[in-house]
Amino acid sequence: MTFVYAFEEGNRHMKKLIGGKGANLAEMTNIGLPVPEGFTISTEACLDYYTNSQTLSDQVKQETFAALKDLEKKTGKTLGGAADPLFVSIRSGAVASMPGMMDTVLNLGMNDETVEAMASLTDNPRFAYDSYRRFIQMFSDVVLGVETYFFERELEKYRESKGYDSDPEMTAADWQELIQTYKQLVDTHTGRPFPVDPHEQLLLSIKAVFDSWNNDRATIYRKLHQIPHNLGTAVNIQSMVFGNMGDDSGTGVAFTRNPSTGEALLYGEYLVNAQGEDVVAGIRTPQPISTMKDVMPEVFEEFQAVCSRLESHYEDMQDIEFTVERGKLYVLQTRNGKRTSQASVKIAVDMVEEGVLTKEQAVDRVDPDQLHQLLHRRIDDGYERQALVKGLPASPGAATGRIVFDADEADRRYKGGEHVILIRPETTPDDIHGIIAAEAVVTSRGGMTSHAAVVARGMGKACICGCEGMKINLQDKTIRVQDKTLSHLDLITIDGATGEVFEGDVPMVEPELSGEFQQLLNWADDVRRLGVRANADNPVDAAKAVEFGAEGIGLCRTEHMFMEQERVPVVRSMILAETVSEREEALRRLLPMQQEDFEGIFKAMAGRPVTIRLLDPPLHEFLPDLEELLVETTKLQVTGENSELLQQKQRLLRKLRELNEFNPMLGHRGCRLGMTNPEIYDMQAEAIFRAAAALEQNGMKVEPEVMIPLVGHVNELRDMRQVVEDAAARVTDDTGVHFTYTVGTMIEVPRAALTADQIAAEADFFSFGTNDLTQTTFGYSRDDAEGKFLQRYVDNGTLETNPFVVLDRDGVGKLVREGVTLGRGAKPDLKAGICGEHGGDPSSIAFCEEQGLDYVSCSPFRVPVARLAAAQAAIRAGSKQASSEAVSN
């Protein structure tokens with residue numbers, strides 16, 4: 001097994017072996033772009049490192065030093081050489097992009113001898129010693145565990161003592177003096193001198209990068225983006241080029257298109273006389289890339305050509321890091337650029353119009369979850385804007401929350417149900433958990449490609465950077481904006497699209513979908529096989545679902561109609577009825593209310609199919625909370641007031657105790673309730689059919705699909721189907737209207753899936769209720785599991801994902817597969833879909849495509865996501881089939 005590869009030995013298809021960064025460095029080298037020479041230590045070496053108890057094997061060391069010798073020959077320089085020293089960067093390179101999550105060391109090879117050689121060769125002592133102090137600080141933080149704070153504190157103290165305002169005022173002598181202070185800091189904190197042997201520095205740095213694969217921020221990031229934990233990271237060792245050698249040097253980050261809007265214009269920032277971390281870390285506020293044409297016109301022209309070539313080569317918007325050393329351009333990295341959801345859609349559609357992508361490629365290019373980010377609120381255009389302060393619009397979207405200054409507090413308050421906005425001078429990778437928790441992020445320093453901007457955009461969160469008019473006092477927990485002071489937990493609103501910060505709550509409006517958004521979804525609809533329906537319980541939600549492209553309702557939960565305030569007394573009178581006649585009287589009062597509900601939904605769906613689930617939850621859910629009722633009853637007994645109210649409360653209490661269950665999830669609910677109280681299902685069925693008949697008489701075609709919940713035995717469905725059919729016949733006799741309807745069941749207990757061939761004899765359709773099927777398969781109560789142990793299971797790897805979010809293919813998925821196979825074996829034309837929350841999850845939708853289901857159903861705001869995900873599932877299934885056929889031929 002080979003562990004180390006020179007750049008020219010790799011290519012972009014080797015990401016799994018040499019990581020994304022290494023693969024792209026290799027690709028750029030091989031197509032002739034100006035890439036500093038280097039080599040990559042593979043992800044397999046990282047896995048080997050962890051297998052060997054976090055020890056570098058002899059083979060990895062030998063191959064690394066052999067590759068180093070080759071690099072020295074290519075560059076004509078020697079690591080640690082006194083005459084013409086080689087300096088290298090050590091960077092991570094995971095298979096999937098994880099910007100800023102793992103560690104980097106720059107300027108490696110610096111010591112007291114090599115810095116003198118550099119000063120002599122460049123005739124720039126100030127640059128040489130500045131580079132040396134940067135190396136000591138970065139190496140000490142990343143490798144030796146001495147926090148940057150200690151070095152920054154000494155630097156600040158030194159600048160103040162000299163009366164300097166910024167680093168460029170520091171002289172070579174100043175840096176030399178500070179370097180001695182830095183070395184003493186290392187000795188004090190580690191108990192040993194700073195390592196001066198470059199080969200030792202190299203091995204320690206490689207270990208540090210491997211170790212960073214499992215640091216907290218990288219682990220959190222992988223969980224957030226569902227990146228497997230067993231991939232490992234590669235390490236890229238590359239000869240250094242220096243952007244801090246004077247005014248003819250610089251460094252920057254650029255995107256080939258605007259990552260916020262998708263506009264086809266070069267977008268980015270650079271700094272003259274700086275190194276890369278100055279841009280990314282937000283230490284200095286950079287200049288727009290467009291101004292580079294005035295400062296370095298020839299370099300800018302060359303860079304534009306490189307950007308165009310890379311975008312054409314990769315057929316995607318690129319995120320490019322570059323350095324200019326004494327007027328010469330070097331490309332340090334390219335990758336497919338992270339972008340906002342708005343930009344992602346626009347770029348995909350534009351590239352089709354430009355002839356770069358096919359429609360199918362464009363559909364497959366956009367992350368379905370990014371569409372969800374487009375469906376959020378924005379600030380009302382009618383609001384008279386009076387911004388407190390304005391920064392750089394780093395990631396669009398609007399958010400309101402209370403000010404917090406600390407990532408830990410943001411995380412804590414989020415878990416307590418609060419909405420917060422994280423305010424920082426700049427963020428670092430250690431703030432990742434706070435960024436996840438916050439509604440939005442605002443920083444006073446840094447630019448559009450700073451850590452905060454890149455991470456927030458990837459998450460679809462609003463973000464403002466470089467808000468320099470905002471003076472942050474972390475100690476006092478205040479923000480000063482001119483003569484205005486905001487304090488900890490004050491309420492603010494931000495607009496990430498404009499960079500504006502507003503005091504207090506600001507009115508928001510629902511989003512409007514762009515023409516590109518609709519175009520992409522139209523292409524998706526042309527490709528997908530799966531139908532997409534919505535879960536909707538009222539006409540408003542139904543109308544919203546149609547607006548987003550739903551082809552019907554896959555789940556209308558009738559119990560939600562019972563819970564409206566004016567209906568609760570009627571529902572309770574039905575529950576409290578002592579006789580069937582009393583219950584039927586209450587149901588007669590409910591019937592026109594239900595009929596009105598169904599008519600509204602049918603009208604909103606305009607002839608599209610509507611699947612209506614008959615009452616599912618146990619009756620006690622419509623009664624007051626037991627503990628609250630006990631308190632109220634006791635107070636009335638003690639005070640002796642209002643004896644009539646006391647009798648009512650006591651009656652309620654008796655009924656509540658009678659209906660109370662030890663395990664309601666598995667108790668008297670669903671079809672079991674219909675079996676013991678068929679008059680309830682009879683009323684609901686009659687309301688459905690009277691609504692259908694009324695609309696049919698007015699010329700509107702409706703397709704009601706009546707769904708019986710929680711069936712576990714065919715006899716349950718047979719009896720309940722009879723109730724529904726009797727109601728339909730009765731309505732037809734009363735109205736003279738003949739209407740079409742179907743009766744099916746929700747498959748949500750394992751026995752139903754395992755006996756689906758029997759149940760299919762009484763069903764026109766199956767709808768897999770994957771929420772309850774997951775509960776009954778795992779034996780989890782969702783509320784208890786998610787609140788008590790499920791997140792820990794995901795965190796420690798017991799479960800790969802939360803099974804209520806992503807369908808468990810190995811368990812629940814097998815039951816779905818079995819249910820479909822058995823059901824269609826007995827009834828080939830049986831329609832089947834899912835209506836749990838998995839209906840809006842791309843991974844689960846792909847599973848539904850694989851199983852040949854007819855449709856998925858999800859919340860209205862997930863419908864666009866489901867449309868795109870269904871199309872991608874069809875595209876990939878087609879590619880897989882084509883690949884299999886090619887292999888067999």
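Contact is taken to mean heavy atoms within 4.5 Å, and axes are lines fitted to C-alpha atoms, for helices over the stretch in contact, with angles running from 0 to 180 degrees between N-to-C directions. Helices (H or I, at least four residues) and strands (E, at least two) are DSSP runs numbered from the N terminus. The structure is a predicted model, in which local features need pLDDT of at least 70 and side-chain atom pairs count only at pLDDT 80 or more, while totals for chains, interfaces and linings use all residues. Residues are numbered from 1 along each chain as its sequence is written, and side-chain values use heavy atoms, with hydrogens and water left out.

Helix α16 (residues 407-415) lies across β16 (398-404) and β17 (420-424), and runs at about 180° to β17. An open sheet of 8 strands has the order β14-β24-β23-β16-β17-β18-β19-β15, with mixed pairing; two strands pair if DSSP finds at least two bridges between them. Its edge strands, β14 (389-390) and β15 (392-395), each pair on one side only. β14 is joined to strand β24 (residues 500-503) by 2 bridges in the antiparallel sense, with V389 opposite V501 of β24.

Another 8 strands form a closed barrel, β26-β27-β28-β29-β30-β31-β32-β33, with parallel pairing. In this sheet, neighbouring strands are turned against each other by 25° on average, direction ignored. Strands β31 (residues 765-768) and β32 (residues 831-834) are paired in the parallel sense over 4 bridges, and F766 stands opposite A832 in β32. Helix α23 (residues 580-605) lies across β27 (553-557), β28 (609-613) and β29 (703-708), at about 150° to β28.

Helices α4 (residues 112-122) and α5 (residues 125-144) pack at an angle of about 150°, their axes being 8 Å apart. α4 is therefore roughly antiparallel to α5, a term applied to angles over 145 degrees. The contact involves D112, V115, E116, M118, A119 and T122 of α4, together with P125, F127, A128, Y129 and Y132 of α5. These residues comprise 8 nonpolar, 1 polar and 2 charged, where Ala, Val, Leu, Ile, Met, Phe, Trp, Tyr, Cys and Pro count as nonpolar, Asp, Glu, Lys and Arg as charged, and the others, Gly among them, as polar.

Over the whole structure, 53 salt bridges are found, each defined as a side-chain nitrogen of Lys or Arg within 4 Å of a carboxyl oxygen of Asp or Glu. R257 forms a salt bridge with E354, with the closest N and O atoms 2.7 Å apart. This pair links distant parts of the chain, 97 residues apart: R257 lies in the loop between β8 (250-255) and β9 (267-272), and E354 in the loop between α13 (341-353) and α14 (359-365).

Terms used. Parallel < 35°, antiparallel > 145°, perpendicular 65-115°, else oblique.
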